[in-house]
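Hello,

Here is the structure you will be working with. Please open it and keep it beside this email as you read.

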Amino acid sequence: MITVENLTKDYAGFRAVQGISFSVQKGEIVGFLGPNGAGKTTTMRVLAGYLPPTGGRVAVAGHDIVAESLEARRHVGYMPENVPLYTDLRVNEYLAYRARLKGVKGRKVRERVEAVNRLCHLDDVKNKMIGNLSKGYRQRVGLADALVHEPDLLILDEPTIGLDPHQIRSVRDLIRSLGNRHTILLSSHILSEVEAVCTRVLILHRGRIEAADTPENLARLVRGGGGGVRLEVSCRSEEGQRELARLPDVESVNCRAEREGWSVFEIAPKTGKDIRDGIFSVVQQQNWRLREMSRLRASLEDIFVELTQD
């Protein structure tokens with residue numbers, strides 16, 4: 001659905017995107033992550049046809065974004081970070097206007113407006129002025145606008161920015177359901193949202209792609225694959241730290257709590273090592289009672305910080 005080869009984009013002598021290459025297959029929901037200034041929004045605007053690339057090649061649904069711009073854009077629904085809406089129009093009026101601009105004709109306009117109103121849960125406000133809507137409903141109108149011409153590809157830049165937790169959950173569920181019919185490229189600073197929705201993640205830093213894989217595979221590459229262990233046993237904290245630190249594959253031992261004769265430890269392995277058998281052997285040798293031994297998984301936030309820190 002998306003093919004990007006050696007894409008560069010310059011602004012007045014500053015190179016915001018530095019020769020990145022990636023592809024997105026039909027039906028994928030891909031998270032596009034990076035710190036502020038990493039080049040995410042610039043890349044998404046190039047993909048949507050809003051900005052021309054300085055160099056490289058970009059194709060959407062097999063159409064070159066420069067040589068076949070109109071054909072490529074017919075396949076794209078783009079929701080920018082700050083949705084530009086006409087606040088003096090009613091929701092139905094605005095969506096019908098946007099549908100006609102995007103090439104929807106005749107009776108199909110009304111059908112598509114009704115369809116996206118249902119899909120984005122806008123039926124209750126479809127006759128209201130956009131200027132009178134809450135932030136959450138305005139975001140839904142922006143998403144309905146991106147969907148109104150039935151694009152194959154949705155590019156969503158911070159779709160839940162400024163929403164409360166209930167609205168975030170509603171939009172997240174909607175995006176997940178859209179993945180059954182559309183390819184989605186999603187940018188968000190809410191990493192738990194990306195982890196819950198996306199099948200693959202691209203992490204951009206200083207205009208370059210630092211990583212591209214599933215969250216699970218990325219976790220295995222960062223700090224021992226998140227192979228740390230949480231352990232709760234019947235011992236004093238000093239005794240537990242001393243005995244556990246003797247294991248050859250252990251990088252560090254931290255006591256998180258000690259109460260009523262029980263201690264809770266988080267034990268980090270050396271890169272690529274599985275330390276669970278060794279820990280269990282220590283527990284047996286010291287005759288400690290065991291309440292918990294569980295694997296600590298690296299979160300997407302851990303991965304993001306590890307790959308984008310200076």
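Gly-27 is partly exposed, because its relative accessible area is 43%. The cut-offs are these: buried means under 20% relative accessible area, exposed means over 50%, and partly exposed is in between, with a 1.4 Å probe and protein chains only. Gly-27 is found in the loop between β2 (14-24) and β3 (29-33). Helices (H or I, at least four residues) and strands (E, at least two) are DSSP runs, numbered from the N terminus. Which residues does Gly-27 contact, leaving aside its neighbours within four places in sequence? They are Gly-179, His-182 and Thr-183. Contact means heavy atoms within 4.5 Å. The C-alpha atoms of Gly-27 and Ile-184 are separated by 7.5 Å, and these residues are 157 apart along the chain.

A word on the source: this is a predicted model, where local features need pLDDT of at least 70, side-chain atom pairs count only at pLDDT 80 or more, and totals for chains, interfaces and linings use all residues. Residues are numbered from 1 along each chain as its sequence is written, and side-chain values use heavy atoms, with hydrogens and water left out.

**Aromatic rings**

The whole structure holds four aromatic pairs. Tyr-50 and Tyr-78 are edge-to-face, because their ring centres are 5.0 Å apart and their planes are at 70°. For the terms: rings of Phe, Tyr and Trp (its six-membered ring) pair if their centres lie within 6.5 Å; planes under 30 degrees apart count as stacked, over 60 as edge-to-face and the rest as tilted. This pair links distant parts of the chain, 28 residues apart. Tyr-50 is in the loop between α1 (40-47) and β4 (55-60), and Tyr-78 is in strand β6 (residues 76-79). Is Tyr-50 buried or exposed? Tyr-50 is exposed, at 53% relative accessible area. Tyr-78 is buried, at 10%.

Tyr-86 and Tyr-94 also form an edge-to-face pair, with 6.1 Å from centre to centre and 85° between the planes. Tyr-86 is partly exposed at 44% relative accessibility, whereas Tyr-94 is buried at 2%. Tyr-86, Tyr-94 and Tyr-97 form one aromatic cluster.

**Helix α3**

Leu-101 is in helix α3 (residues 91-101). Tyr-86, Tyr-97 and Leu-101 form a nonpolar patch on the surface, with about 300 Å² of accessible area together. Patches are made of residues with over 30% relative accessible area and no salt bridge; like charges are joined within 9 Å, and nonpolar side chains (Val, Leu, Ile, Met, Phe, Trp, Tyr) within 5 Å. Areas come from the Shrake-Rupley method with a 1.4 Å probe, and for residues only the protein chains shown count as cover.

Now the inside. The buried residues of α3 are Val-91, Tyr-94, Leu-95, Ala-96 and Ala-99. Their cover includes α4 (107-119) and α5 (135-147). After α3 comes Gly-103, with a positive phi near 95°.

**Salt bridges**

How many salt bridges does a search of the whole structure find? There are 16. A salt bridge is a side-chain nitrogen of Lys or Arg within 4 Å of a carboxyl oxygen of Asp or Glu. One joins Arg-98 and Asp-145, with the closest N and O atoms 3.0 Å apart. Arg-98 lies in helix α3 and Asp-145 in helix α5, so the pair ties together parts that are 47 residues apart in sequence. Asp-145 is buried, at 6% relative accessibility.

Another joins Arg-176 and Asp-173, at 3.0 Å from N to O. Both lie in helix α6 (residues 165-178), three residues apart, about one turn of the helix. An α-helix has 3.6 residues a turn, so residues three or four places apart point the same way. Arg-176 is partly exposed at 36%, and Asp-173 is partly exposed at 38%. Salt bridges that share partners also join Arg-98, Lys-102 and Asp-145 into one network.

**Positive phi**

Most residues other than glycine have a negative phi. Glu-150 has a positive phi of about 55°. Glu-150 sits in the loop between α5 and β7 (153-157). Arg-206 also has a positive phi, near 55°. The place of Arg-206 is the loop between β9 (200-205) and β10 (208-213).

Best wishes
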